[in-house]
Amino acid sequence: MSVTVRVPAKVNVQLAVGAARPDGFHDLANVFLAVSLYDVVTVTPADALTVTCSGPDADRVPLDGTNLAARAAELLASRHGIEPRVHIHIEKDIPVAGGMAGGSADGAGALLACDRLWGTGSSPSDLLELCAELGSDVPFSLAGGAALGIGRGEQLSSLEVGGAFHWVFAVADGGLSTPAVYREFDRLAAGRAVPEPAADPVLIDALRAGDVNALAASLANGLQPAALSLRPELATTLDAGLAGGALAALVSGSGPTTAFLVDSQESADKVAAGLLASGTCRAARVASSPAPGATVLGD
Ligand code: ATP
C-alpha cells in the first residue's frame, strides 16, 4: 500500500522584507500564491527511510537526511514515537533552488502522505504546526490557494482570490541559495533605514477582485535587488518577457526563476515562446493560479 500526494509551487506576489533581526531572520509580509506546477510525493512502507527522485532536475536534489521530505517523515514519526520506515519517491517538476519552494512542497507532501500511511490522524492544525517546524514556506505548501504570511512568513492567514491568474515562469541555469540572497539583501541595506514590512492593501484587493491589471501594477519583491545583484543577467530575462507582452515581471522569491503575469492562456503561450527564443532562460513554464494545496491523489 502506498499514498501519493500532489503539492504546488508558489510565487510571492508581494515579498516585503524587514531589517535583519538579532536572530538573523527577517520579518516578512509575504503574499503567497500557489501555482499549477506540482511535485508528486509517494510514500511506501519500507525497512528504513530512503528517498529517490525523478525528473529533469533530479540530480540536484539531495537524497540523504537533509531532504525536506525525509525530515518531514522523521519529524512526524518522532512525534508519535514510531520509526520512519518508509520509502519516499519525489517526482520533481518544480524547479530546484528556484525560489518556488520546491523543497518545502516535498516536505508538506511527505508529511501529509506519511500521516495517511501511518494512520497518525493529525488534524489540519497539527500538520500546519509540524510544517512550520520544517521551514517558513512549508505551511503554505500544505495550504495552497493564496495567503498572507507574517513573522518569518510561517504565520498564515488565507486570502480570497476572485479569479484565475496566468503566469509564465522562466527557469534559469543553476540555483540561488536563499540564505545568500538574504545576506546580499543585508549588505545592500547596510546604513539605510528598512521600513517595517506590511501587506499592501491594494494588492490584496486586486487578488480578491481577480483584477489582473491591478495585480500587475502592485507586484513587489523586496529580494529582487539582491537577486539581481548576485545574478545581473536575470534583468535581460525580465526584459525579454516584458518585450514579449507580459503585463509585469518579477523575480520569484529569492530567484533565480523569474515570473511573468499575463492576461490569458494565449498570452502565456506567446510570452513563453518569446522567452525561449530570447535565449535568456533554460526553460519557460506556463501555469495558472490559485492552485490547491497538498492533495492526496485517489481520495
Ligand atoms: P524557497 O523558495 O523556499 O526559498 P527554493 O525553491 O529556492 O526554496 P528548493 O528547491 O526548495 O529552493 O531547494 C533549496 C535547496 O534545498 C536545494 O538546493 C537542496 O539542497 C535542498 N533540498 C532539500 N530538500 C529538497 C527537496 N525535496 N527538493 C529540492 N531541494 C531540496
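What follows is a short tour by topic.

This is a predicted model, where local features need pLDDT of at least 70, side-chain atom pairs count only at pLDDT 80 or more, and totals for chains, interfaces and linings use all residues. Residues are numbered from 1 along each chain as its sequence is written, and side-chain values use heavy atoms, with hydrogens and water left out. Helices (H or I, at least four residues) and strands (E, at least two) are DSSP runs, numbered from the N terminus.

**Nonpolar cores**

- A nonpolar core here is a set of buried Ala, Val, Leu, Ile, Met, Phe, Trp, Tyr and Cys residues joined through side-chain atoms within 4.5 Å. Buried means under 20% relative accessible area, exposed means over 50%, and partly exposed is in between (1.4 Å probe, protein chains only).
- In soluble globular proteins, nonpolar side chains tend to be buried together.
- The largest core has 64 residues, and Val13, Ile88, Trp167, Phe169, Leu207 and Leu215 have the most contacts inside it.
- Helix 2 (residues 102–118) gives this core its largest share, eight residues.
- Apart from that core lies another, of 25 residues, with Leu176, Val262, Val271 and Leu275 among them.
- Now zoom in on Leu207: setting aside residues up to four places away in sequence, Leu207 touches Val13, Val31, Leu33, Leu159, Glu160, Val161, Gly162, Phe165 and Leu215. Contact means heavy atoms within 4.5 Å.

**Strand 4 and its partners**

- Two strands count as paired if DSSP finds at least two bridges between them. In general, strands of a sheet pair through backbone hydrogen bonds, either parallel or antiparallel.
- Strand 2 (residues 26–45) runs antiparallel to strand 4, with six bridges joining them. Val43 sits opposite Ile88 in strand 4.
- Strand 3 (residues 50–54) runs parallel to strand 4, and five bridges join the two. Ser54 has Glu91 of strand 4 as its bridge partner.
- To get from strand 3 to strand 4, the chain passes through helix 1 (residues 68–79), making a left-handed β-α-β crossover. For reference, a crossover is right-handed if, with the strands pointing away from the viewer, the path from the first strand over the helix to the second runs clockwise.
- Which residues make up the covered face of strand 4 (residues 86–91)? They are Val86, Ile88 and Ile90, while His87, His89 and Glu91 make up the uncovered one.
- In a regular strand the side chains alternate between the two faces of the sheet.

- Four strands form an open sheet in the order 9-10-7-11, with antiparallel pairing.
- Strand 9 (248–251) and strand 11 (283–289) are the edges, each pairing on one side only.
- Neighbouring strands in this sheet are turned by 25 degrees against each other on average, direction ignored. Axes are lines fitted to C-alpha atoms, for helices over the stretch in contact, and angles run from 0 to 180 degrees between N-to-C directions.
- Helix 10 (residues 265–278) lies across strand 7, strand 10 and strand 11, and runs at about 160 degrees to strand 11.
- Strand 9 and strand 10 (residues 258–262) pair antiparallel over four bridges. Across this pairing, Leu250 stands opposite Ala259, and Val251 has Thr258 as its bridge partner.
- The hairpin of these two strands has six residues between the strands, and Gly253 takes a positive phi near 55 degrees there.
- Thr258 counts as buried because its relative accessibility is 1%. Leaving aside neighbours within four places in sequence, Thr258 is in contact with Val168, Phe169, Ala170, Thr237, Leu238, Leu250, Val251 and Ser252.

**Cysteines**

- How many disulfides are there? The count is zero, where a disulfide is a pair of cysteine sulfur atoms within 2.5 Å.
- Cys53 is buried, at 16% relative accessible area.
- Cys131 is in no disulfide either, and the nearest cysteine sulfur, that of Cys114, is 12 Å away. Cys131 has 0% relative accessibility, so it counts as buried.

- Ser177 is in the loop between strand 7 (165–171) and helix 5 (178–189), and is partly exposed at 36% relative accessible area.
- Ala216 is in helix 7 (residues 212–218) and is buried, with a relative accessible area of 16%. Leaving aside neighbours within four places in sequence, Ala216 is in contact with Leu247, Ala248 and Leu261.
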